[in-house]
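Visitor: Hi, I'd like to look at a structure with you. Can you put it up and walk me through it?
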Amino acid sequence: MNKSWVKFGLIWGALMAIIMNIGFPLFDGENINWPKAAVSLPVWLIFGLIFGYVSRKKPVKKQ
């Protein structure tokens, strides 16, 4: 069974967590809230898995 959607979802979730919790505060000149970042990382990973599952490619059926 191909589980590439799991890898894709985890990478997407991790990148979104980094961008939202580290990238945007640095860009805005604010301090990084590390406890908030630590709490939101698992949330982003879960939503990344959901995104990866929903966006996986379905195999083409031969007729």
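Visitor: Which residue lies over the face of Tyr-53?
Guide: Arg-56 does, at 4.0 Å from the ring centre. A charge sits over a ring if NZ of Lys or CZ of Arg is within 6 Å of the ring centre and within 35 degrees of the ring normal. Before we go on, this is a predicted model: local features need pLDDT of at least 70, side-chain atom pairs count only at pLDDT 80 or more, and totals for chains, interfaces and linings use all residues. Residues are numbered from 1 along each chain as its sequence is written, and side-chain values use heavy atoms, with hydrogens and water left out.

Visitor: Okay. How many aromatic pairs are there?
Guide: The structure holds four. Rings of Phe, Tyr and Trp (its six-membered ring) pair if their centres lie within 6.5 Å; planes under 30 degrees apart are stacked, over 60 edge-to-face, and the rest tilted.

Visitor: Is the pair of Trp-12 and Trp-44 stacked or edge-to-face?
Guide: Edge-to-face. The centres are 6.3 Å apart, with 65° between the planes. Trp-12 sits in helix α1 and Trp-44 in helix α2, 32 residues apart, so this pair links distant parts of the chain. Helices here are DSSP runs (H or I, at least four residues), numbered from the N terminus.

Visitor: And why does the pair of Trp-12 and Phe-51 count as stacked?
Guide: Because the ring centres are 4.4 Å apart and the planes are at 25°. This pair also links distant parts of the chain: Phe-51 is in helix α2, 39 residues from Trp-12 in α1.

Visitor: Which residues form the aromatic cluster?
Guide: Phe-8, Trp-12, Trp-44 and Phe-51 form one cluster.

Visitor: Is Trp-12 buried or partly exposed?
Guide: Partly exposed, at 27% relative accessibility. Phe-51 is partly exposed too, at 34%. Buried means under 20% relative accessible area, exposed over 50%, and partly exposed in between (1.4 Å probe, protein chains only).

Visitor: New topic. What joins the side chains of Ser-40 and Asn-21?
Guide: A polar contact of 2.5 Å. That term means a pair of N or O atoms within 3.5 Å; within protein, one must be able to donate a hydrogen and the other to accept it, and residues adjacent in sequence count only if both atoms are side-chain atoms.

Visitor: Where is each one found?
Guide: Ser-40 is in helix α2, and Asn-21 is in helix α1. Ser-40 is buried, with a relative accessible area of 14%. Asn-21 is buried as well, at 10%.

Visitor: What about pockets? How much space lies in the largest one?
Guide: About 190 Å³. A pocket is found on a 1 Å grid over the protein atoms alone, using a 1.4 Å probe: an open set of points with protein on both sides within 12 Å along at least five of seven lines.

Visitor: Where is Asn-2, and is it buried or exposed?
Guide: Asn-2 is in the segment before α1. Asn-2 is exposed, at 59% relative accessibility.

Methods
1 Å grid on protein atoms, 1.4 Å probe; cavity = no way out; pocket = protein on both sides within 12 Å on 5 of 7 lines; lining within 4 Å. Points joined across faces, edges and corners; volume = space filled by probe spheres on them. Helix = DSSP H or I, 4+ residues; strand = E, 2+ residues; numbered from the N terminus.
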